[in-house]
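Hi there,

Here is the structure I promised to hand over.

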Amino acid sequence: MKGENFTVWSFFFLEGFSKYPRLEIVLFVFSLVMYLVTILGNSTLILITVLDSHLQTPMYLFLGNLSFMDICYTSASIPALLVNLLSSKKTIIFSGCVVQMYLSLSMGSTECILLAVMAYDRYVAICNPLRYPIVMNRQVCVQMATVSWVTGCLTALLESSFALRVPLCGNVIDHFTCEILAVLKLACMNSLLMDMVMLVVSVLLLPIPMLLICVSYGFILSTILRISSTEGRNKAFSTCGAHLAVVVLYYGAALSMYLKPSSSNSQQIDKIISLLYGVLTPMLNPVIYSLRNKDVKDAVKKLLSKVPISSLLQSLVEWSRSLKTQIKELKE
């Protein structure tokens, strides 16, 4: 559809990794396995935090929200990626591209804030343990989680609405998803307003929450070093270690994507970073939180004892068969 000075595209081509057909097969297997593990791991975490009364604490309330975000984030782009990796037609309609862009931005933005909230929760638990039940009561936790969601969704809406107003001089996106930076590379002209919006939102959602996390862990470390017993120190370190590992993974990938000079890396490296950011990090979150957490391990064992493994495996096999059938139909 032609406008007076620019074109409004009804669909887009996602170039993805089409220049490397052999790599596409490897990436399909990698992405499929990572996606299945992500869904299974994060769904299990949500389930045990709801069913197990011992895990209905502030930390696990936030962890359940984090797991739900990871499921939504990966589901916004990975299923479409899997189809495109095996399809010769790597297209997406305009409305689908907008939804994909908004969901990725909103889930990613919300997670930035929630990780800072989780750091504050650990700070209160370790530095002010006697006041913890009062300061982090359920009402406060629900309010903090709600603020994280609302802020993330509103900033994503702001970025998406400004991005949609930028005229595009092409419809071939050099990415495997409608990632906002890849879409804006098709802009017919530089938009100072769009650049300012992106910069302000990136600073609000990346360096500022990261600074709050560093300050929280500075106080936590100071408190831990004053603990006399070795057992107490180890328990405190194990409590914070999982969260720190997730923070490093998440912010490391996010900072490399959104706060780097545009010419510092090739577009192909950006795609790999984006894939790791979108698949590997959400998959590792439940693994990291479960490795050294006895409560989570016990809750998972209880859950597995109630759910027959054979029926679970059968469901996975049936799901994979239906996925193969859908892919064959799309290829035809």
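**What I found**

Let me start with the strands: β1 (residues 11-14) pairs with β3 in the parallel sense over two bridges. Strands here are DSSP runs of type E with at least two residues, helices are runs of H or I with at least four residues, and both are numbered from the N terminus. Two strands count as paired if DSSP finds at least two bridges between them. Across this pairing, leucine 14 stands opposite isoleucine 173 in β3.

Before going further, please note that this is a predicted model, where local features need pLDDT of at least 70, side-chain atom pairs count only at pLDDT 80 or more, and totals for chains, interfaces and linings use all residues. Residues are numbered from 1 along each chain as its sequence is written, and side-chain values use heavy atoms, leaving out hydrogens and water.

The open sheet has three strands in the order β2-β1-β3, with mixed pairing. Its edge strands, β2 (91-93) and β3 (172-173), each pair on one side only. Helix α3 (residues 94-127) lies across β1, β2 and β3 and runs at about 90° to β2. Axes are lines fitted to C-alpha atoms, for helices over the stretch in contact, and angles run from 0 to 180 degrees between N-to-C directions. Contact means heavy atoms within 4.5 Å.

Now the helix pairs. α3 packs with helix α8 (residues 207-225) at an angle of about 20°, their axes being 9 Å apart. That makes α3 roughly parallel to α8 (angles under 35 degrees count as roughly parallel, over 145 as roughly antiparallel, 65 to 115 as roughly perpendicular and the rest as oblique). The residues of this contact divide into 14 nonpolar, two polar and one charged. For these classes, Ala, Val, Leu, Ile, Met, Phe, Trp, Tyr, Cys and Pro are nonpolar, Asp, Glu, Lys and Arg are charged, and the others, Gly among them, are polar.

Helix α5 (residues 138-164) and helix α7 (residues 192-205) pack at about 160°, with axes 10 Å apart. That makes α5 roughly antiparallel to α7. In this contact, Thr155, Leu158, Glu159, Phe162 and Ala163 of α5 meet Leu193, Met194, Val197, Met198, Val201 and Leu205 of α7. By class, there are nine nonpolar, one polar and one charged residues.

Happy browsing!
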